[in-house]
Amino acid sequence: MSFATGLLCRECGTAYPTEARYSCDFCFGPLEVSYDLAAAKDAVTRESIMDGPNSIWRYGALLPDPGVKPVDLGAGWTPLRRASRLAEVLGVEELWLKDDTRNPTGSFKDRVVSVALSSARRLGFTTAACASTGNLATSVAAHAAFIGWPSVTLIPSDLEKSKIAMTAIFGGTVLGVEGNYDDVNRLCVELVAEHPDWAFANVNMRPYYAEGSKTLAYEIAEQLGWRAPDQVVVPVASGSQLTKVAKGFHEFIDLGLVDGAAPVLFGAQATGCSPIATAFTQGAEYITPQRPNTIARSLAIGNPADGPYVLDELRRNGGDCGSVPDEEILECIGLLAKTEGVFAETAGGVTIASLRQMIQRGTINPHKSIVAIISGHGLKTLDAVVDSAVVSSTIQPSLAAAEEALRFHQLVAAS
Ligand SMILES: *Cc1c(COP(=O)(O)O)cnc(C)c1O
Ligand SMILES: [Zn+2]
């Protein structure tokens, strides 16, 4: 059972029931799901969690009520890998990768979609929709197919071909919009008004959707043996993931499931779309929207909905936010693959390059534990690497040619 009690306005605190509502009647502020943590404290134990399924739904008591049963394609419970070889290169003592490439559709978005569509089904919706930079559309289309719902996903029309194919294959309606994500999102807000019976995962379902990201924090703590790491690096698009990872650690601490302090959180952005890193560095109170221009398409949100909350979180706890150019994103996709055997999409390159940058400027402590969230699989952004990741040599099918090439690549000694 779920200990969710209702929706609370994040600005003025007005309470609402857990219904189909996403902004406050009084101040138009965003809403957030609230829980009766005092009641949950007796019922939610390490043992009760460990008895649950190997998906995000092992934490169902701390997620919105999914109704009869969750829409569970198997999101979550992804590996937390100790990254000793990468740690050595970066000069840090204890580094872990939260490998969210290993989700049903290859990105962390499966977590938020599983929660959003479960709530949507409970609330009586029958069509799934979203505004997406790519990964969300793929996940919505897959989960909709899984429960036999129609889906309508809207993406920028110039997205990576691999992301478009991964979405279209599930058979829903995919609308390629001639514009950037911020244009797509504005259009979806208008569509919600016309089609109030469609569940737009990240618009009218946003309070429920956002809760799915808390499971990243829960899993990291559980997989570390019920302990919070000292520092976590989180890729930032709208900023929802970062704020909910913070919420997840605080809930586990409040429930007595982990001891000690919550980790310091660090954001990761591409310089070509870094409105939050810019505001953070300049000490600005407000985010100035930016027109995105980066290969990290999944993070290309120029006007981030949760930007102010990310700034609050980073500033409250001594965090920082990386801003890395496209060349470093590509280089760090390679570095991660070569040191740890993990192939990440461009967002993963942003996370690793930002981690390196913040170690170098001294805001990340190399002697304390670090978790880096790798949020999407490299097959999603093959376009970004096909020109650099190529065969070592092309040869004739003869032993002599093979041996010559091996000598060239210094795998056998020259004779
Ligand atoms: C959506 C996404 C994120 C972060 O999204 P937020 O909007 O900040 O929650 C990170 N990585 C990948 C691969 C994504 O698709
Ligand atoms: Zn309000």
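Predicted model: local features only at pLDDT ≥ 70, side-chain atom pairs only at ≥ 80, totals over all residues.
Residues are numbered from 1 along each chain as its sequence is written, chains are lettered from A and ligands numbered from 1 in the order in which they are written. Local features need pLDDT of at least 70 and side-chain atom pairs pLDDT 80 or more, while totals for chains, interfaces and linings use all residues, and side-chain values use heavy atoms, without hydrogens or water.

**View 1. An open, parallel sheet of four strands in the order β8-β7-β6-β9.** Strands are DSSP runs of E with at least two residues, and helices runs of H or I with at least four, numbered from the N terminus; two strands pair if DSSP finds at least two bridges between them. The edge strands, β8 (173-177) and β9 (198-200), each pair on one side only. Strands β6 (residues 127-131) and β7 (residues 151-156) are joined in the parallel sense by four bridges, with cysteine 130 opposite threonine 153 in β7.

**View 2. Helices α5 and α7 against the strands.** Helix α5 (residues 135-147) lies across β6 and β7 and runs at about 175° to β6, angles being taken from 0 to 180 degrees between N-to-C directions of axes fitted to C-alpha atoms, for helices over the stretch in contact. Helix α7 (residues 181-194) touches β6, β7, β8 and β9, contact meaning heavy atoms within 4.5 Å.

**View 3. The zinc ion (ligand 2) and its cysteine donors.** Cys9, Cys12, Cys24 and Cys27 coordinate the zinc ion (ligand 2) through SG at 2.3 to 2.4 Å, where donors are N, O and S atoms within 2.8 Å of the metal (3.2 Å for Na, K and Ca), and sites may look incomplete because water is not among the atoms.
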